Amino acid sequence: MLPQKQAEEAIVPTTTTTERDEREVGDGFSLKSFLWHGGSVYDAWFSCASNQVAQVLLTLPYSFSQLGMVSGIIFQVFYGLLGSWTAYLISILYIEYRSRKEKENVNFKNHVIQWFEVLDGLLGPYWKALGLAFNCTFLLLGSVIQLIACASNIYYINDKLDKRTWTYIFGACCATTVFIPSFHNYRIWSFLGLGMTTYTAWYLTIAALVHGQVENVKHSGPNKMVLYFTGATNILYTFGGHAVTVEIMHAMWKPQKFKYIYLIATLYVFTLTLPSASAVYWAFGDQLLDHSNAFSLLPRNAWRDTGVILMLIHQFITFGFACTPLYFVWEKVIGMHDTKSICLRALARLPVVIPIWFLAIIFPFFGPINSAVGALLVSFTVYIIPSLAHMLTFRSASARQKAAEKLPFFIPNWTVMYSVNAFVIVWVLVIGFGFGGWASMSNFIKQVDTFGLFAKCYQCPPKLSPSASNHTSHH
């Protein structure tokens, strides 16, 4: 995994645009470039795989309890493949946009291409607005979920402070991500992040098997339609983590190589999500319906504490992943995107973190919020919009002939391509957005009714000491 010395080749060979500064290329091998400047195929794979499963790993057993074992496994494989397909479409559209722009001699040296700009370049301003609205809202709420997850996890190690206080503390810690300039600089983090999720997944699997089944374990799922579709939508959310696909591609030296990376990352993710979710569900069954965080049921020991701490660090990284594209959008809005100074840019980025912090304190419902975001935002952002955009971009015969990327080997002609895209759109619209939206919103509203907004400590067990009983009485 030595950093590649060559500069990024422009997609259209006639241009000589180099993405990276010549200064960085000339460095050869140095510790800074090894830890900080990542643009190889491996970096992209690590970014995709570590970004795909973070806190969702802990809520998948909860989804299994809603879906039942068989549906849970089928939905994971199905949505994993569906997610890889739309990530592939996004990469094709990115390359199409970039090669068209480079033919017009546009230089992207100090500019990070984002999804909404790809839509704008290929399909015009209305699509730009659509992409921007969905993507930003999704990433904003994605960051909120990471913050809630931090507070939810740390509570299992230290319950002296309630979850809301922990959210204040972690909000301040996550605000430091404003200092990381772009996805090039996540090299060491995504590598560590993947190690952390791998540890946690196998810890969950082994701990559940060692623990064995609880007495009179019941596996009654699926028995309610609302819960069934809520669970399915959380899985849709799990494999819809590619709202940052374009930014990860742009950080590569050869973005053409991205096409199959996402699929390979997903196959690796299956080895983490399938065993852990099945094992925890096998051991605890219906108890999981009231425990959206898998850590809460496992016995407290050093192994679990290690898992909690690693997931905390990983959530910090994922917060950065979800927030970085938002920082870029904000910088472009206020005209600071070309600024060289890291400190100036960090200052300019701070207003992005504040609403995230605030929302995490209002809606601390770890679990149900994932499904709501999945149904209402992920369904459009990463499934419907890319498929529709791909169909519209290549609707004319000349666009299909001039396409920068040819059809993949397993798709014989454009008719098949269009059929697959149409299937994705209809399926996600009806099952994901329709049924999923109805189920997850009714579940979400139920949480608000039960716990109230600004809940001080969501799903915490009541404390036994007399002084604490006043605080927990409203749970």
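Helix α4 (residues 56-67) packs against α5 at an angle of about 125°, and their axes lie 7 Å apart; axes are lines fitted to C-alpha atoms, for helices over the stretch in contact, and angles run from 0 to 180 degrees between N-to-C directions. The two helices, α4 and α5, are therefore oblique to each other, angles under 35 degrees counting as roughly parallel, over 145 as roughly antiparallel, 65 to 115 as roughly perpendicular and the rest as oblique. On the α4 side L60, F64 and L67 meet M69, S71, G72, I73, F75 and Q76 of α5, where contact means heavy atoms within 4.5 Å. The residues of this contact divide into 6 nonpolar, 3 polar and no charged.

This is a predicted model, in which local features need pLDDT of at least 70 and side-chain atom pairs count only at pLDDT 80 or more, while totals for chains, interfaces and linings use all residues. Residues are numbered from 1 along each chain as its sequence is written, and side-chain values use heavy atoms, with hydrogens and water left out.

L140, L141, S143, V144, L147 and I148 of α7 make the contact with I356, W357, L359 and A360 of α14. Its residues comprise 9 nonpolar, 1 polar and no charged.

Between α5 (69-103) and α6 (115-123), the loop contains Q114. A polar atom of the Q114 side chain lies 3.0 Å from the backbone oxygen of P325.

Technical notes:
Helix = DSSP H or I, 4+ residues; strand = E, 2+ residues; numbered from the N terminus. Polar contact = N/O pair within 3.5 Å; in protein donor to acceptor, adjacent residues only side chain to side chain. Nonpolar A, V, L, I, M, F, W, Y, C, P; charged D, E, K, R; others polar.
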